Structures are given as C-alpha cells and as structure tokens.
Amino acid sequence: MADGAQPTTTTRWVYSFGGGSADGDASMKNLLGGKGANLAEMSALGLPVPPGFTVTTEACVHYFKEGQAYPEGLEVQVEERLKTVEGLTGKRFGDAANPLLVSVRSGARASMPGMMDTVLNLGLNDATVEGLAKLSGDRRFAFDSYRRFIQMYSNVVLGLEHHAFEEILDDHKDRLDIVIDTDLTAENWEEVVRDYKRVVRSELGKDFPQDPKAQLWGAVGAVFASWMNDRAKFYRRMHDIPESWGTAVNIQSMVFGNMGDTSATGVAFTRNPSTGENRLYGEFLINAQGEDVVAGIRTPQNLTKIAREEMGETAPSMEEAMPQVFAQFKDVVERLERHYRDMQDIEFTVEQAKLYMLQTRSGKRTAKAALKVAVDQVAEGLITEEEAVMRVEPSSLDQLLHPTIDPAAKRDIIAQGLPASPGAATGKIVFDADEAERLGSIGESVILVRDETSPEDIHGMHAAKGVVTARGGMTSHAAVVARGMGRPCVSGAGELHIDAKGGVLTARGRTFKAGDIITIDGSKGEILAGAMDMVEPELSGDFASLMIWADRARRLKVRANAETPLDAKTARGFGAEGIGLCRTEHMFFDETRIAAVREMILADDEGGRRAALAKILPFQRSDFSELFTIMAGLPVTIRLLDPPLHEFLPHTDAECDALAAAAGLDAAKLKRRTAELQETNPMLGWRGCRLGVAFPEIYEMQVQAIFEAACAIAKTTDAPIVEVMHPLVAKGEEMKFLRELTDRIAKQVIAKSGIEVPYKVGAMIELPRAALRADELAASAEFFSFGTNDLTQTTFGISRDDSGRFLDAYIQKGIFEKDPFVSIDQDGVGALMKIGVERGRSARPDVKLGICGEHGGDPASIAFCESIGLDYVSCSPYRVPIARLAAAQAALSAKR
C-alpha cells in the first residue's frame with residue numbers, strides 16, 4: 001500500500017473530480033497518479049474538465065498483491081461516483097436513449113507516455129450507438145465512435161491484434177476509392193462495425209461485449225494489467241520507476257472531437273519541448289479523436305499561425321480555423337503554466353466549439369529545453385535559482401555532451417521530415433525494433449526506420465542511436481519518446497516509402513537497404529546519406545548559468561577518472577576539481593613500454609625486475625607530469641598498479657610464439673611464466689597491493705616517478721596535491737607497510753629536489769573487510785576512496801563481467817530493482833560504505849572520503865554519497881556535469 005497504509009473495508013479507493021470541485025489536488029500524485037491529481041487540480045481551478053473519478057494506485061497495488069482481485073468496496077464506490085458523473089452530465093451510463101460514455105485511462109505518479117493502455121468511447125453497444133446518433137443528430141459520428149471503441153477495446157481488453165481491424169478498414173477504403181477516414185459515410189462506418197464484430201466473433205468464439213458495466217470492469221482490469229506489460233516494465237527500468245508504485249485509473253465522461261468541423265482534438269506544450277522557446281507549441285486535428293494525433297494516423301495541423309507559416313504548411317492553424325476557441329485555450333494554458341510554474345504538456349478536445357481540458361502535466365523536454373526553460377523562468381520571476389537546479393534531470397545533460405553535424409559538412413539529403421528531437425546520429429538502417437536491440441547489444445550503431453513507432457518499439461528505440469518515421473507529427477509517439485530518451489528523431493518524413501519486410505526504403509528516386517549507413521539531423525528534420533563529420537558541443541549560456549547555480553548549492557566536490565592528457569583536459573573543461581582515479585595500469589599497456597613491462601615480469605630475480613623498471617620510470621614520470629600540469633593546484637589521486645601481472649602477457653601458445661619471435665624473447669620461458677601466473681580466480685588473486693607487498697620495487701618505481709614529476713612541476717607552476725592510493729587493501733598491517741614504502745621514497749625524492757610537495761597516502765576500499773576494519777586502516781591511511789565496482793563484486797560475489805547473463809532475469813523478477821553495478825546497492829554495499837565512513841572517522845576525524853567507481857556518475861548513488869557525508873565523487877569526464885548537478889540536487893534535497 002502507498003505510504004504504508006493497510007486496506008480495510010472502509011478504505012477509500014475512488015476520488016471524484018469535475019463540476020468545479022474535486023476530492024483531491026495536485027499534491028496527491030502518489031495516491032491519484034499524475035493524471036488524476038492534475039485533473040482534480042484543474043477542476044478545482046474551475047477549468048472546463050469533463051467530470052469523472054480516479055481509482056487509486058493503492059487499488060492497483062492491492063489488485064496485484066491479491067492475485068488480480070479487486071479490493072472490497074471498490075465496486076460500490078465506483079457505482080456511487082458514476083452516479084455523480086451522471087448527475088453532472090445529465091446522461092446515464094448504459095441508457096440506450098441518453099447514454100453516458102467514458103474514457104478509461106492509466107495514470108502513474110511518474111509520467112509514462114504511451115506505455116500503458118487507454119480505452120475511449122466505452123459504453124457504446126448496438127443500442128447506445130443508436131441513442132448517440134439520435135442525440136447528436138450525426139449518425140456518421142456515432143458509428144465512427146463505435147468502430148473506434150470496438151477496435152480499441154478488442155485490442156486492449158480482449159487481446160486481439162490491431163492489424164486485423166486495420167486491414168478491414170483499408171479494404172473498405174480501397175473498395176470505395178477513399179484515402180481519408182473522414183470521407184467515409186455513416187453507412188460505410190456501419191458496414192465497418194459489422195465486419196469488426198465478425199472478427200471478434202471469429203477470433204474469440206463469442207460476440208463483442210454489449211453490457212456497459214462488464215465493458216467498464218474489463219477496461220479497468222486491462223489498465224491495471226498494463227502496468228505489468230513488457231513496454232511499461234522496460235520504461236520503468238530505464239527511468240528508475242519502482243514497480244511497487246502501481247498505476248491509477250481515470251474514468252472520465254467522454255467529450256468528442258470527431259463531431260464535425262467545429263470539433264477537434266490536440267496536444268500542446270506551453271513552451272517548445274525541443275528548444276525551450278517561450279512560445280505555444282503543438283498540433284491539433286479537426287474532426288478527430290486523441291489517438292489520431294499521437295498515433296500519426298492523419299497529419300496534424302499547427303496550433304498557431306506563425307508556426308504554420310514557418311513550417312510552410314497550407315492547412316489552417318487552430319488560431320485561424322477556430323479563433324474564439326483558440327483565444328480561450330491560450331488563456332487557459334498560460335494560466336496553467338503560471339499555476340504549476342513549469343512548462344505544461346496539455347491534451348484538449350473541442351466539442352462543437354466548446355473547449356475541454358483532458359490532461360496537464362509537466363512536459364517531457366530535451367536537456368537543451370530543460371536548461372532554457374529553467375533559466376528563463378528564473379529571469380521571469382516564476383522560480384528561484386535553487387528551484388531551477390532541481391528542475392533539470394542530471395542524466396539528461398548527457399544529451400548536450402555529444403557531437404552534432406559539422407556545419408561545413410556537405411549534406412546529401414535523402415528526405416526531409418519534421419525536427420522531432422534534436423541532435424545527430426549516424427548508423428546502419430534497421431527496420432525492426434528487435435533487430436535494433438540485437439545489433440545494439442553487440443556494439444553496432446543503428447538508426448531505427450519505421451512507418452510509425454508504437455510503444456512496443458521502445459526497446460529498439462532505446463538501442464538505436466536515432467529514430468526515423470515516415471508518419472506522425474511533432475507530438476507523435478516517436479517524437480515524445482525519443483525526446484525523453486535524448487535520441488535524435490526525424491518524424492513525418494512522408495517522402496520515404498518503407499518496405500520493412502523487404503528491408504528497403506526509397507525516397508527521391510534512390511533506394512537504401514537494411515545495413516546501409518545514414519545520418520539523421522533531428523534539429524533540422526533531415527535524413528542524409530552516409531556518415532557525416534561531427535563537431536563537439538559548446539557548453540555555455542543557459543548551461544553555464546545552471547552550473548553556476550548548481551556549484552553554489554552543492555557540498556560534494558566532483559573529480560574525474562582520468563589517466564590520459566585528453567581525459568584530463570576534457571574533465572577540466574567540464575568543471576572537474578581534480579582527478580579522483582588515475583589507473584596507472586592503462587599506461588603500462590602503451591606500445592612504447594609494454595616490452596619493458598614484460599621484461600620485468602619475465603625477470604628471474606629482483607635485480608632483473610629493477611633493471612626493467614628503470615626503463616619504465618621515464619615513461620611514468622612523463623605521464624604524471626602531463627597530468628600534474630593540467631591539474632595544477634588540484635588533487636590528483638594516482639592508484640598504483642592493480643591488475644594481475646598475467647594480463648600483460650599473451651594468453652595462448654600461438655600468441656607466445658608470435659611475441660617471442662617479434663621481441664626476441666625466449667618462447668619457452670615466456671610460456672612457462674605465463675602458466676605460472678595463471679589464476680583460477682584472478683579478481684581475488686595476486687593483484688592490487690598484493691603485488692606491492694610481494695614485489696615492492698614495482699610500487700617504489702611508481703612512487704618515485706610520481707614525486708619526481710610533482711617536484712619538477714612545482715618549480716614552474718602550482719604544485720599538484722598528490723594522493724597516492726593503494727588498491728585492494730584489506731588489513732591494517734598491509735596499509736602500514738605500504739604507507740612506510742610510500743613515505744620513504746617520497747621523502748628521498750623531495751629531499752633530492754629541494755621542493756616540498758604536499759601529498760597524502762590512502763587506501764581504495766574495495767573489500768568488505770576493508771570497510772569493516774576502516775578504523776584499523778585509518779591509522780596509516782589519510783584518505784579512503786570507495787572503489788564501488790569491486791566492492792559490489794566482492795559484496796555480492798558477482799563478477800561484473802559475467803553478470804549480464806543473469807542480472808536481467810533478476811531485475812525482471814523483481815529481485816533487483818536496479819543493476820547494482822549501475823546504481824549503488826544501498827542496503828548492502830551502501831551499508832558497508834557507511835560503516836567504513838563511521839569507523840574511519842572514529843580513528844582519523846579528518847580522513848578524506850570519496851568514491852571512484854562508475855557509481856560516481858550515477859545521480860542516485862551521488863545522493864547516497866551526500867547522505868553518508870563523503871567529501872567528493874569521481875566519475876568519467878563526460879559525466880562530470882551530471883555529477884555536479886546531481887550533487888547540487890542532493891544537497892538541496894537534504895536541506896528540505
């Protein structure tokens with residue numbers, strides 16, 4: 001149950017809205033879902049909202065907990081609220097003469113566009129359709145609504161595929177030589193309805209359900225069930241939405257946008273969701289219902305005259321076609337943005353020149369738009385700087401940190417569509433979502449090309465670098481989902497002719513096959529032949545403003561994991577405040593020094609090893625000099641050699657023979673040494689500080705190189721703050737030995753150079769024992785850095801490299817909510833970290849504490865690091881801005 005509530009016979013499962021009042025409000029999203037809470041809020045504001053009621057998320061949780069059984073009292077409460085709606089509308093549910101028709105829609109507390117199911121026009125049957133025809137005076141409208149209901153209900157509730165109905169409709173249109181649905185007559189729709197019902201009878205062996213109450217409970221159960229459909233589960237995993245939340249169900253009296261030329265339906269954003277520009281943005285269709293707009297069944301029209309002119313369209317905008325209703329609509333949406341103090345995503349219907357609001361929610365937007373909206377709303381006085389920081393999803397900044405097409409590149413345009421989601425991508429053409437997922441999983445870059453996408457394609461869209469659709473507008477499923485994922489998208493490219501089965505697309509007289517390379521520019525709506533040169537983004541303007549506000553708010557320092565000059569420069573450009581992890585083994589693999597590394601490993605004694613290490617020393621010193629120059633005056637944490645030595649040697653006899661021949665080595669000796677170093681479980685073997693204890697000369701060489709470089713740099717610029725980190729430490733005695741080794745070499749170099757360099761010696765906490773005995777380690781260690789990649793492996797006993805084979809099954813079965821290698825397991829790994837922090841500080845109050853695993857760039861993990869009092873996080877260079885913003889949000893949340 002939400003908030004720990006226990007169901008009883010008196011539990012309230014249903015909340016009403018409409019008629020200028022409501023039982024709930026916008027603060028009740030956890031209980032009513034986002035849609036239900038906002039419908040209640042709009043009703044209370046006196047906006048024109050069709051009356052209805054919301055079945056709570058708690059009812060959904062109960063439904064699944066009790067084996068898909070509705071809670072006691074729900075049916076009675078629904079009956080009571082239906083009577084309220086009947087009173088407000090003057091219609092009766094199931095009445096053949098004056099029927100009340102309803103929509104049944106999902107509504108989780110977090111927006112999940114298109115992931116769950118909806119049923120419209122519910123309550124229609126062979127009797128009520130005649131009543132609707134008589135009341136409306138429009139038989140065509142009544143049977144158009146009935147055929148829509150049969151198709152939607154049959155798919156969502158009865159489990160029949162859409163295509164069976166679409167084929168019937170296409171056959172009728174072909175026979176009548178009609179292209180547009182609106183050209184079909186009442187008689188035509190009656191024939192379609194008869195054929196639709198025949199399909200249901202043929203497929204299911206029973207007639208389409210005629211009892212409105214049975215229809216209603218079938219739809220409610222289907223919406224609840226859709227919370228657990230594959231696409232919803234995938235979306236939840238992608239956006240870290242807990243399965244335990246459940247979805248609400250909103251049952252609302254129908255209003256009809258398909259009642260002729262004075263009726264319409266549409267979707268609007270109060271600002272441009274791609275750019276953030278403060279201008280009404282969206283589309284509508286005359287004589288249509290909502291699914292026509294988002295599904296791309298017909299090409300929508302612009303809301304405003306200026307947008308129509310900019311797009312070069314001839315069909316009149318809503319501003320031109322319905323000026324009085326548009327003026328009212330514009331006032332309402334501006335009021336909603338002021339009320340919610342955020343950009344709104346709005347669904348509306350016009351029924352015979354009367355406006356109705358069906359939904360409002362904070363609109364999904366690109367990172368660029370999120371930045372602009374937040375910064376602009378601060379300037380407009382709508383929100384504070386701290387609120388602006390909280391408005392931008394940290395992970396969405398990733399969209400801004402990747403290349404776009406070089407303006408100087410020559411563009412070979414295949415086709416033009418709509419600029420549905422900004423950015424650029426290059427990849428192989430793929431026509432199938434499953435194939436996109438398969439190729440993406442093996443590292444191929446693909447562009448998913450479809451006539452139109454549906455929620456079933458979400459896994460392929462996620463795997464693809466970009467999306468192209470031949471149909472659909474700027475608010476189609478493809479456009480909305482791609483923007484939310486940060487994928488570039490070109491929609492409505494009508495000149496594309498796609499033969500998905502044949503694996504071919506044609507446009508402008510040219511043919512392209514599956515596997516051919518194309519590039520898309522989602523900012524311009526262009527599809528281009530071949531791969532294009534890209535340019536790096538410039539992070540300034542709105543981004544700079546938000547980062548300044550974030551830096552003021554955060555407590556945690558943000559460093560980068562970097563071991564090359566390019567990584568270090570990139571990190572500094574993104575605002576990194578030092579290096580939190582320099583992996584020195586990456587330097588050992590360089591082709592200029594790998595021969596000396598292998599010579600050291602093959603040496604028979606310490607003298608031979610020292611001779612080989614002397615050859616490596618100048619390279620290491622040069623490596624560190626470059627990093628210290630870039631990070632002058634900032635902390636640089638250098639992890640001494642960590643991997644087992646066998647990783648630097650060939651793995652097979654053939655590779656040994658080839659290397660021996662090329663390098664003039666003894667092949668037999670090389671094979672023998674390779675065999676001697678092989679381990680059953682290298683992750684827990686002879687690696688990390690165990691190398692430094694067994695072969696101290698290796699670590700002595702590295703420490704000498706570090707301090708020779710630091711002292712030389714300190715002569716000409718700000719001295720770096722050197723932090724020497726020993727990996728895989730488990731015992732206090734290990735740390736004491738390593739501390740003494742480090743101090744001895746450092747003091748020798750400093751004394752010889754005559755230059756004082758500040759430094760610290762610390763431990764990487766990667767083993768449960770290290771966390772549990774942190775007080776013991778802190779006697780010698782001045783800092784700890786939690787290496788959460790290995791700490792997660794050793795806590796769970798899971799190899800990260802092999803976990804992909806079974807972790808998905810664990811996540812799908814609810815054993816893990818998230819991949820523990822992506823987001824910290826706070827109950828287990830996090831508990832060890834907390835112990836390490838507390839015990840380390842008990843022995844050394846000023847011990848510096850950080851994290852350097854991949855979790856250092858994960859917003860949820862950063863929030864955890866803030867909560868346990870770490871001093872810094874370290875992440876990959878391109879995630880530094882994400883970490884800066886996440887750290888600010890964590891600090892602000894902690895103050896609330």
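**Charges over rings**

I started with Arg236, which lies over the face of Trp227 at 4.1 Å from the ring centre. This is a predicted model. I then turned to Arg559. Its charged end sits over the ring of Tyr872, 3.8 Å from the centre of that ring.

**Aromatic pairs**

I searched the whole structure for aromatic pairs and got 19. Next I looked for clusters. Tyr63, Phe64, Tyr70, Trp217 and Phe224 belong to one aromatic cluster.

**Cysteines**

How many disulfides does the model have? I count 0 disulfides. Cys582 is in no disulfide, and the nearest cysteine sulfur, on Cys852, is 11 Å away. A disulfide needs two cysteine sulfur atoms within 2.5 Å. Cys852 is in no disulfide either, and the sulfur of Cys865, the nearest to Cys852, lies 11 Å away.

Is Cys582 buried or exposed? Cys582 counts as buried because its relative accessibility is 0%. Cys852 has a relative accessible area of 1%, so I list Cys852 as buried. The cut-off I applied for buried is under 20%.

**Second largest pocket**

I noted a volume of about 630 Å³ for the second largest pocket. The lining of this pocket has 27 residues, and Asp642, Arg687, Asp790, Gln793 and Arg800 are the closest to the pocket centre.

H31 gives the most, with 4 residues.

**Cavities**

I searched the whole structure for cavities of 30 Å³ or more and found 6. The largest cavity holds about 120 Å³ of space. I counted 14 lining residues for the largest cavity, with Arg105, Met254, Val255, Thr349 and Leu358 nearest its centre.

Strand E6 (102–108) and strand E8 (247–253) each supply at least two residues of the lining of the largest cavity. Arg105, listed near the cavity centre, falls within the range of E6 (102–108). By class, I get 8 polar, 5 nonpolar and 1 charged residues in the lining of the largest cavity.

Methods: Residues are numbered from 1 along each chain as its sequence is written. This is a predicted model: local features need pLDDT of at least 70, side-chain atom pairs count only at pLDDT 80 or more; totals for chains, interfaces and linings use all residues. Side-chain values use heavy atoms; hydrogens and water are left out. Buried means under 20% relative accessible area, exposed over 50%, partly exposed in between (1.4 Å probe, protein chains only). Rings of Phe, Tyr and Trp (its six-membered ring) pair if their centres lie within 6.5 Å; planes under 30 degrees apart count as stacked, over 60 as edge-to-face and the rest as tilted. A charge sits over a ring if NZ of Lys or CZ of Arg is within 6 Å of the ring centre and within 35 degrees of the ring normal. On a 1 Å grid over the protein atoms alone, a cavity is a set of points where a 1.4 Å probe fits but cannot get out, and a pocket is an open set with protein on both sides within 12 Å along at least five of seven lines; lining residues have an atom within 4 Å of a point. Grid points are joined across faces, edges and corners, and a volume is the space filled by probe spheres set on the points. Ala, Val, Leu, Ile, Met, Phe, Trp, Tyr, Cys and Pro count as nonpolar, Asp, Glu, Lys and Arg as charged, and the others, Gly among them, as polar.
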